[in-house]
Amino acid sequence: MQLFVNTTTQHEMFDEADVHEMKDDLPLAVVEADADFNVKKIFPLLQTPLLNKWIGNALPAAFSLFEKLNALIESHAHHVYVTAGGVSCRLGDVWEEMKDAKYNRHRLDCYPLPEVWRGFYRTEIGDYPALLQLLFALATNWGEGTSYKVYEFMNKEFLPEIRRFYGFDLHGLKKALAKLPYMHTVQDILHLLGEENRDEAYACSVAENILASFVPLLDKANARKEFVHETYRKKELRTVFVHQHSCIAYWMSGAFGRKDSAKAFGAYFMLRYQFYRKSDYLTTHPPVALGKAPLSIFDFAKACSLGLVSEAELGRELQNRVNAEESLHLASAFLFHRLKPWQRNRLKAYGETDFAPLKKLVRQLSEHILSRELSRGEEPTEVSHLAMKLEGVEGARVLTDILKAFGQEPFGRTDFYYTATYTRKEVLTRLLRICYPAQTDTAQGLSDLAQGANISHERLIEAAVYAPQWLPLVEECSGWKGLQSAACFFHAHMNERCDTETAALIARFSPMRREDLCLGAFDVHWYRQAHREMGAKRFALVLDAAAGMASGSDYGRLLRFLDAANGKPAAPEVRRQVEENRNRDLLMRYGVIPLNRRSEGDLTERYAYFLRYLGESKRFGSQRQENEKKAVELGLLNLACNAGLGDVSRLIWQMETRSFKQIKPLFAFHSIHGVRVCLRVDAAGKPGVHFFKAGKELIHIPNKLRKDPYVVQLREMRKRLGMLFSGSQNMLERMLDERTPFGISELQAFRKNPLVWPWLKTLVFITPQGNQGLYTEGGLQTPDGKLLAQDPSGEVYLAHPVDFHEAQTLDLWQEFLRSRGMEQPLEQVFRKRYAVGEGEVSAAGSCPGYTGRRILTERMAGVLTGRRWMPVDPERWQKVYFREDVAVHIETQSEALSLTDLGASILRRIVFFERRGMRPLAISEVPGRIFSEVLRDVEALM
């Protein structure tokens, strides 16, 4: 390929009102095809021999290869394999990935009979140039029919020129291929062979030469066409471009773009830029252009940094072109680190480019947009549409300018219901939401700016509720202690949509999942703490500030939950209303109403009502059953939080233990038609209904007993008690991780319950004084048989390996459990302990020992979510320990250096913070148990 400089310069200039003056003094480079390139010689398999044309057989030689592969598939059609979904099937019926398939450098190995298809490639196809011809034929449309009118129109208008360029027509080939019975499998196999045998240099060379040969054929008459686009509402005139046709677009895809060097990128960029220019930059008057530009804003940014285009051209792409909105959105998201993971992965193709010109122009354009929008009237400006695409502006001065522009007008809800009308209120609200503190901003500086602009603390607080990123600074400068907590409380319970950063901020104040909080879970403990910290008057002011960020229905719903938390109306009245109309919101509020602390019966009565409500739902349809089941789950979660238990499983343990005397008769044998039936619990605490006849246990329920009322009662009870079993292990893991206390009186009650006790009898407990033992009647039993009496009003915790290490009792407990053949329901005594290394003790807020280690990204969501981590952004995960006021971040960096590295990330660091102030903690300040559990989670990702 030849890249030379043309004396033609870029002809478009900014308007006078543009961001700043830029000169167009860079001549454009032009790419020409190789001197010996002949497009017809590249596709010998797709050319139709003259003899075939003469005798009427218009199929090219490529058809015989497709036909042979189809026959090869047919000969193995009866091959049986197991799919990834675990289904056994024939190759001729289903072509899918196999079970236990692992992605590696050769994806073909994930499918059945990979060596058969490789053998076909070696013996029949021979090399990659031949395979590329087959792939081109499969990927392109030659008028063989489509259900989309726009493609029919493009074939009609553009195909004649395209056929003359290539020298062949594949219409007949595509029709013949459609008749092959295994054509879908043929196509998949060839694509997999293409990935495995790809010759990057050859593929890109062919693409570059084809594009360089085709672009000189274009002019204003044949580069674009207009057609009538019909919808069920109206007809619209649209514009399509020749480079969007599959026969040309195939070579313009990212698969044929080399960016590994300045020269390769220059050819990649300038070829596509020439098509872009021939299409007049997709500019249309008035028909709307279909499709996007062939180059992204990052292509333009790198080209600018290499001197291929001027800053003026980069500025036009950001502000004036058809794709300006998308370009500015991407560039702004890049500047403020808000790109999505797949967008960041695409940036890796640009190497070490720093995009300095792009960053500078985005900042300048943002300033221009702000100056226009903050001084506008009611009518939209020429940059209002761009303002709605910005992903960030920063600085306390910008915040105060936005608030000055608002005056006393209330904020809108633009971020949720975007109407594209670009009203003043709509745009200003958007700018407020994306305004972030600069690194140099301080609370004092924000206070001075607000005072100079005559903005009250109340108005600042209202803005911070809308834009939570300002909460720390506003809380400090206003002196309203607890502001962050109160504002996040309202976001959690009212804001139906928020970004992951706000969700992570919410997670620092409540252990409840944000999804549950939006659906009807209510953290009573958080509410009472925030209300106590701020005081009733200030809390009400923050509530008023939050009123505008949610819909009226969400705001009204929260008010009703707040009333319930304050005991209005009383529990009996709410229950009566629930019984009258089965309102799910009322049911969830029933768990929020303050409990009668003088009577244990109140908690038991409410729990029993939730179960009865769930049982009554069976008379409705499946969808309503599912909705009422979810309402019961959230109601029980509210009740558990209200009772100070924190976990629904623990609530169930306590309630079922209290009512065990009532169901105890069900564990005795009952004879029905000569069959003895009873409820039993296995060694792990799992309940089941058992049937015996003639001294032998029956595997299946006798048909004649299935509808017997007593058997039905037993089976219903088994399902109810199954709730004890389902979440118990997760609850115990959480209690061990977070050091949640057990009351001695609580353990005494659990010991009498055969459903609960199997979970606790082999676990080692530790007192606040450091005494360790298995719980038994009256106290803790040590490994040497001593009984340590405990006060019934006292508390104990699940002992952690860190405790065993400090007391030097680990070997004693491990030997004790082994010698008695005792198995624990979770890893405790045999749990791995991660100790702080010598070089980590003085580390400020990070864990350097794990920096640079590789993490399997595909495991992260499953492993970390199950261990109560949540994403802050695509490269950060957060976990919070409320008792110790510690938050932890795992920070990663995507890494994809080769095909074998796909799905892998690099661990950048593990950072520990204070939960509220987010002050980095030294490793020496972190409890050893938390450090060990965090490292245990990280090890699971390696």
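## Reading an enclosed helix

Modeller: Let's begin with helix H22, residues 471-478: six of its eight residues are buried, so the rest of the structure largely encloses this helix. Buried means under 20% relative accessible area, exposed over 50% and partly exposed in between, with a 1.4 Å probe and protein chains only. This is a predicted model, in which local features need pLDDT of at least 70, side-chain atom pairs count only at pLDDT 80 or more, and totals for chains, interfaces and linings use all residues. Residues are numbered from 1 along each chain as its sequence is written, and side-chain values use heavy atoms, leaving out hydrogens and water.

Biologist: Which residues of H22 are buried?

Modeller: They are Leu471, Leu473, Val474, Glu475, Cys477 and Ser478.

Biologist: And what covers the buried residues of H22?

Modeller: Contact means heavy atoms within 4.5 Å. Here the cover includes helices H20 (443-452), H21 (457-466), H23 (483-494) and H24 (500-507).

Biologist: Which residue follows H22?

Modeller: Gly479 does, and its phi is positive, near 75°.

Biologist: How many helices and strands does the protein have?

Modeller: Helices (H or I, at least four residues) and strands (E, at least two) are DSSP runs, numbered from the N terminus. This protein has 42 helices and 24 strands.

Biologist: What percentage of the protein's residues count as buried?

Modeller: Of its 942 residues, 51% do. As for contacts between residues at least 6 apart in sequence, 68% join residues at least 24 apart.

Biologist: What does the C-alpha trace span along its principal axes?

Modeller: About 95 × 85 × 65 Å.
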